[in-house]
Amino acid sequence: FWLITLKVSSPGVERVIRIREELERFKERALYVRYTTTSDEAATPQEGDGVLRLISYDMDLRECIWGIADVKINRQQSGKGRPLSKKQREWRLQTPFESLKLVRLYSEC
């Protein structure tokens with residue numbers, strides 16, 4: 001009796017995005033992003049994360065603007081089977097490059 005386990009994955013799916021050219025290359029793809037934010041109320045930076053899409057980045061200002069990616073995990077917040085709400089589609093997050101802790105490709109598999 002043999003037990004065989006097969007793990008199927010896409011090469012590069014866990015790839016960490018590190019350079020500007022990769023930001024441009026994967027701009028329209030869903031990306032898992034972990035970042036820190038600071039606010040006037042919180043003295044220490046707070047961590048956040050989500051499955052986002054890169055809308056734009058500015059190398060001179062060294063910042064990115066993110067939107068919510070249209071993926072299953074984000075649509076579930078609207079309710080089963082529903083598309084992203086208008087509020088979700090219009091939501092934006094502006095982050096300096098320094099606040100990005102991890103950016104990698106996201107796969108729904």
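**Cut-offs and conclusions**

Trainee: Why is R34 called partly exposed?

Mentor: Its relative accessible area is 31%. Buried means under 20%, exposed over 50%, and partly exposed lies in between (1.4 Å probe, protein chains only). R34 therefore counts as partly exposed.

Trainee: What should I keep in mind about the model?

Mentor: It is predicted: local features need pLDDT of at least 70, side-chain atom pairs count only at pLDDT 80 or more, and totals for chains, interfaces and linings use all residues. Residues are numbered from 1 along each chain as its sequence is written, and side-chain values use heavy atoms, with hydrogens and water left out.

Trainee: What makes E47 and R34 a salt bridge?

Mentor: Their side chains meet at 3.9 Å, N to O. The definition asks for a side-chain nitrogen of Lys or Arg within 4 Å of a carboxyl oxygen of Asp or Glu. The pair qualifies. E47 lies in strand β2 and R34 in strand β1, so parts 13 residues apart in sequence are tied together. E47 is exposed, because its relative accessibility is 56%.

Trainee: How do you know that E98 and R62 form a salt bridge?

Mentor: Their closest N and O atoms are 3.2 Å apart. E98 sits in the loop between β4 and β5, R62 in the loop between β2 and β3, 36 residues apart. R62 is partly exposed at 41%.

Trainee: How many salt bridges does the structure hold?

Mentor: Three. One of them joins D70 and R75, with 2.9 Å between the closest N and O atoms. D70 is at 53%, so it counts as exposed. R75 is at 26%, hence partly exposed.

Trainee: Why is S99 called buried?

Mentor: Its relative accessibility is 7%, so S99 counts as buried. S99 is found in the loop between β4 (93-96) and β5. Its side chain reaches the backbone oxygen of P96 at 2.8 Å. Setting aside residues up to four places away in sequence, S99 touches R34, Y35 and T36; contact means heavy atoms within 4.5 Å.

Trainee: What makes a group of residues a nonpolar core?

Mentor: Its members are buried Ala, Val, Leu, Ile, Met, Phe, Trp, Tyr and Cys residues joined through side-chain atoms within 4.5 Å. The largest core here has 15 residues; I17, L31, V33 and W66 touch the most other members. β1 (31-37), β2 (46-58), β3 (63-68) and β5 (100-105) each supply at least two of its residues. Strands are DSSP runs of E, at least two residues; helices are runs of H or I, at least four; both are numbered from the N terminus.

Technical notes. A polar contact is a pair of N or O atoms within 3.5 Å; within protein, one must be able to donate a hydrogen and the other to accept it, and residues adjacent in sequence count only if both atoms are side-chain atoms.
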